[in-house]
Amino acid sequence: MDPRTLNQLETWRRKRNISGQRGISTIRKTEMKWVQIQHRTFAKWVSAHTGSNIDNFKVDFIDGTIFLQLMEVLSGKSVKRYHMFPQSITQRCDNVQLALDICSSEDVKLTNIGAQDIAGGSLKLILGLVWCLIQRYHLTSIYDKRAHSLGARDNKIGGNGLKNQLIRGLNKQLDKVKYE
């Protein structure tokens, strides 16, 4: 969710004293902060791969052109025909569907994410989609390089063992981070 929208929502709730407390609960604030962190981090990752400046996924991903650029870069496949400047929701959905088809052909695990969801600007699903792409193209390459350098492709170091080590390391780092 756009940080400005979150601030407007919080102001609106505060003025109307919605919920038993003033403002949004601590859990909701932490969740919103986490979404902002994901949004910022994922936007930097997409920007680094496409060369486009991603400010807001809800705006930048809905026409499908940046999503197609990202998939062309990640997969190495070229899309010859798509709507460069989509004018209608149908054209946006066509672009997004082309990118989703590339995802499917590249074995990216997508569950319950459709062209209408992305073209409609569902931030939660867009962030989930980008996370799936990061897992498939970025983290998988890290696992493969690490396992190859250790010479243990099918050992506990490769595959899920390395993934679990990475997750444990990240969780330790996250435990050090203090949320307000």
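**Close-up 1. The largest nonpolar core of this predicted model.** This core has 34 residues, and those with the most contacts inside it are Val46, Phe57, Phe61, Phe67, Val130 and Leu133. At least two of its residues are supplied by each of α2 (26-50), α4 (65-75), α5 (89-105), α6 (115-119) and α7 (123-150), with the largest share, nine residues, coming from α7. In soluble globular proteins, nonpolar side chains tend to be buried together.

**Close-up 2. The surroundings of Val46.** When residues up to four places away in sequence are not counted, Val46 touches Ile54, Phe57, Phe61, Ile66, Leu70 and Val130. Among these partners, Phe57, Phe61 and Val130 are also listed with Val46 as residues with the most contacts inside the core.

**Close-up 3. Threonine 65 in helix α4.** Threonine 65 has a relative accessible area of 12%, and it therefore counts as buried, since the cut-off for that word is under 20%. Its side chain is joined to the side chain of aspartate 63 by a polar contact of 2.9 Å, and, leaving aside neighbours within four places in sequence, threonine 65 is in contact with Tyr82, His83, Met84, Pro86 and Asn95.

**Close-up 4. Aspartate 107 and asparagine 112 in the loop between α5 and α6.** Most residues other than glycine have a negative phi. Aspartate 107, however, has a positive phi near 60 degrees, and asparagine 112, which is not a glycine either, has a positive phi of about 60 degrees. Aspartate 107 counts as exposed because its relative accessibility is 60%, and asparagine 112 counts as exposed because its relative accessibility is 69%, the cut-off for exposed being over 50%.

Technical notes: Residues are numbered from 1 along each chain as its sequence is written. This is a predicted model: local features need pLDDT of at least 70, side-chain atom pairs count only at pLDDT 80 or more; totals for chains, interfaces and linings use all residues. Side-chain values use heavy atoms; hydrogens and water are left out. A nonpolar core is a set of buried Ala, Val, Leu, Ile, Met, Phe, Trp, Tyr and Cys residues joined through side-chain atoms within 4.5 Å. Buried means under 20% relative accessible area, exposed over 50%, partly exposed in between (1.4 Å probe, protein chains only). Helices (H or I, at least four residues) and strands (E, at least two) are DSSP runs, numbered from the N terminus. Contact means heavy atoms within 4.5 Å. A polar contact is a pair of N or O atoms within 3.5 Å; within protein, one must be able to donate a hydrogen and the other to accept it, and residues adjacent in sequence count only if both atoms are side-chain atoms.
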